[in-house]
Amino acid sequence: MTQTTTNPDQSEPPQVQVKSTLSFLRAHMREYGILFALIAIMAFFQVATGGILLRPVNLTNLILQNSYIIIMAIGMLLVIVAGHIDLSVGSVMGFIGALAAVMIVQFGIPYLLAGFLCLIVGGLIGAAQGFWVAYFRIPSFIVTLAGMLVFKGLTLWLLAGQSVGPFPQQFQRIASGFIPDLLGGENLNLFSLLIGVLVATTILVLAIRARNEAGKTGSIEEPFVFFAAKNGLIFVALIYMSFLMADFRGLPNVFIVMALLIAVYSFVTSRTTIGRRIYAIGGNEKAASLSGINSQRLTFLTFANMGVLAALAGLVFAARLNTATPKAGAGFELDVIAAVFIGGASMAGGVGTIVGAVIGAFIMGVMNNGMSILGIGIDWQQCIKGLVLLAAVIFDVMNKKQG
Amino acid sequence: MATLLEMRAITKEFPGVKALDQVSLSVEEGEIHALVGENGAGKSTLMKVLSGVYPHGSYSGDIVFDGQVQTFGSIRDSEAQGIIIIHQELALVPLLSVAENIYLGNERATRGVLDWRATRDGAAKLLARVGLKEHPDTPVGTLGLGKQQLIEIAKALSKDVRLLILDEPTSSLNENDSAQLLELLLEFKRQGVTSILITHKLNEISKVADTITVIRDGAAVSRLDCSQGISEEKIIRDMVGRSMDDRYPPRVDTATPDIAMQVRDWCVTHPIQNDRQVVKNVSFHVKKGEVLGIAGLMGAGRTELAMSLFGRSYGRNITGSVQIGGQDVDLSTVRRAINAGLAYATEDRKTYGLVLDQTIRRNVPLARLNGIANGIVIDRQKEAAVANQYRTRLNVKSSSIEQETINLSGGNQQKVVLSKWLFADPDVLILDEPTRGIDVGAKYEIYTVIRDLAASGKAVIVISSEMPELLGVTDRIYVMNEGAFVGEMPTSEASQEKIMATIIRSGDRK
């Protein structure tokens, strides 16, 4: 009580244009912390594995392995920001993989049509769960826990306990294909490299433009050093990564899908009224409702969206394994949720970013991959991942208390 | 009679506000002492000091209880001395039984194992003492409010009470239950229990009180002995009398003859209790350029009226019609209400008004995001410009628009809430307790905004429990009591005595 009433009036600093570097770093510890953590973890494994981590083959593999987690983390971020949780995504993903297998392999439905139908079914599943959460206020934990059991069961039933596969080649290419080199590079996929450079440049230009815009209204907070370092780093890292991948077989198709999703959802969450409203209902649903925001419909939509993304992840996963198994997706919801929380989202809702969630997923992914290369058993991998999640959230909470 | 409790020169300050200023209170052994005053006068603060909610050291002055200076560090300490306070909001666990509630935190047990027989027998005896015929195993949630109140009292008795403090015990009770409760107080008095009764119902005071202390603006203004009979006039005057100069911006009559909003026969039922009508057949109008006040005590139904109008955010079975600008309007959702030109700033800005974790910049445009977006894409420059504009216009003291609203003081938070609704550009703006808990300077600024709005042709409705505020800032006042409008007067003819009398007499008529 005193916290909120005491400080403000007397602490009226002069119009600060650019805060000092140190205080800025302290205030934005979280955002940078996560990025530094990823870099540190990558550097550690790069050294520990004797350079295997960033070999073109392994990097490509790393992205393919984690693509479905990242796709779902994007949807989960919205759900968690809105103040809810979805425990069913792993099962839904498995179910959709099974559905695709049954449609394509057993019934011979064209893969494009089947894929499209799967996305619709995913959306319907999400909507069905969101309906109870949004309009009947059944806690999302319960609704999606039920969903998790239901779709686990339905997957078993659909596959009759058997694995179903293999898929036709074109379908497999969703997950294991690479974009062709239209520029005809010899050992290097030049087209992929070009795309990488273009994307990196676009991101840099957008960042500079945003900073200039903010400069006009006098609300720049980030010191220039940080701005330059952060964006320079991202620019170089993106080009280096696309170079590495171009050196192998080029950019994977999934990578393109992922990149598009990240771009679109980042934009939606940070720059549109819909995004703004989702953060508002997660931050204070009552206040948002009394400001004329239809919180029920938005909650419903975030769950429907989650369903579609879980379905997409299911297709990617099935295509990657080239078979649908009854066990597919089991436990994935935990990795997805962990990624979102490591990425700085708050259990209470209203806080979190798409980029944070993606970085969180990469942290988990790099650790999985690195530890596997080092030959660390699954037992210790689980322990270490658990402790990292705990540490990240403790860091968050402590940071918030100080701030 | 000996003096049981003496509070000497108690002063309690909150940042920016002196809640209690040298208040002294003296209670004789075995009497019923009434503590009266307006909402926010400092009664509850005084009792929190006494019961240790505000621990020793956080206030200045002495508490002498039973002849000894006490230094309570928590409620536990004061309860150990037999000082038991029963709050307006009952602290019972609905799913536990009557007996379990009575002994909650004070269980009949040996080494952690509950003694159910002692619990039930003890509870049965205490229930008999308060005259409640319920089985000790009944879940508390199934009982009415009146009975729950009695269970709270039984709980107090289980702790060997020496001084029983009741904070507006009858505010949510019906006539019968209230009478029964007062009867019980008299019975306790015969048994030698001393009580302090916090209330603003004068008929209750005249029925049971031996002595009255009137508190106003954080100071004890008078102490009246009831044995010589009491004058209602004097109590009312002591409760409300204070100077009003320079607290309000000068009033300019800006009201036009055009009616901005007309509400007819508005009825609202309580969202859970089906048989309880919270707003009863209320009809009123407000003109363009007019500041309208709605006076009443807490629980009169004013907030319920406003929230039910604003997108049916409260209550069930809402009936009645509303016209804004001469047109029938559909107010069935908040969005529709906003589009129809209505806005409502809640009394509880932290729970209902702001997204506290977010910045000023994000809170200001929340009710009209379309105003800062092209299609669905937010124009960040426009957003910053709007936030800066209102931050300057309302003088929101903050480091920048990027400051999170949780770190603002109450007054500045209120200004952000106002900014949000000003940006939504309504025709009719309802402000519910717009200055609760904020300092005098910020109050003046908010009053100025209200008058400016009226001058620009908007209709403003101010709901307030502080009568001087209504007299200082409004043009016309409706008085509400127990869900109904019981009086209407131009502010020029109104006085605090007149409003208070209207409220009290409407209650007595029943």
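Helices here are DSSP runs of H or I with at least four residues, strands are runs of E with at least two, and both are numbered from the N terminus. What you're looking at is a predicted model, in which local features need pLDDT of at least 70, side-chain atom pairs count only at pLDDT 80 or more, and totals for chains, interfaces and linings use all residues. Residues are numbered from 1 along each chain as its sequence is written, while chains are lettered from A and ligands numbered from 1 in the order in which they are written.

How many of the residues of H9(B) are buried? Eight of its eight, so to speak a mostly covered helix; a residue is buried if 20 or more other C-beta atoms lie within 10 Å of its own, exposed if 12 or fewer, and partly exposed in between, with C-beta atoms placed from the backbone. Among them are B:Arg302, B:Glu304, B:Leu305 and B:Met307.

What does H9(B) sit against? There's an open sheet of four strands in chain B, in the order E14-E13-E16-E17, with antiparallel pairing. Two strands pair if DSSP finds at least two bridges between them. At the edges are E14 (277–287) and E17 (327–328) of chain B, each of which pairs on one side only. Helix H9 (residues 302–309) of chain B packs on this sheet and touches E13 (259–269), E14 and E16 of chain B. Contact means that the C-beta atoms of two residues, placed from the backbone, lie within 7 Å. The direction of the helix makes about 70° with that of E14(B); axes are lines fitted to C-alpha atoms, for helices over the stretch in contact, and angles run from 0 to 180 degrees between N-to-C directions.

B:Gln327 in E17(B) is the bridge partner of B:Ile324.

Now zoom out to the whole of chain B, which has 17 helices and 24 strands. Its C-alpha trace spans about 70 × 50 × 50 Å along its principal axes. For 510 residues a compact globule would have a radius of gyration near 24 Å, and the 25 Å of chain B agrees; the radius is taken over C-alpha atoms, and the globule rule is 2.2 Å times the number of residues to the power 0.38. Of those 510 residues, 48% count as buried. The mean pLDDT of chain B is 87, with 95% of its residues at 70 or more; pLDDT is the predictor's confidence in each residue, from 0 to 100.

Chain A is built from 17 helices and zero strands. Its C-alpha trace spans about 70 × 60 × 40 Å along the principal axes, and 42% of its 403 residues are buried. Among contacts in chain A between residues at least 6 apart in sequence, 80% join residues at least 24 apart.

Finally, where do the two chains meet? The contact takes 32 residues from chain A and 40 residues from chain B. On the side of chain A that touches chain B, the largest share, six residues, comes from H1(A). The predictor gives the complex an ipTM of 0.81 and a pTM of 0.79.
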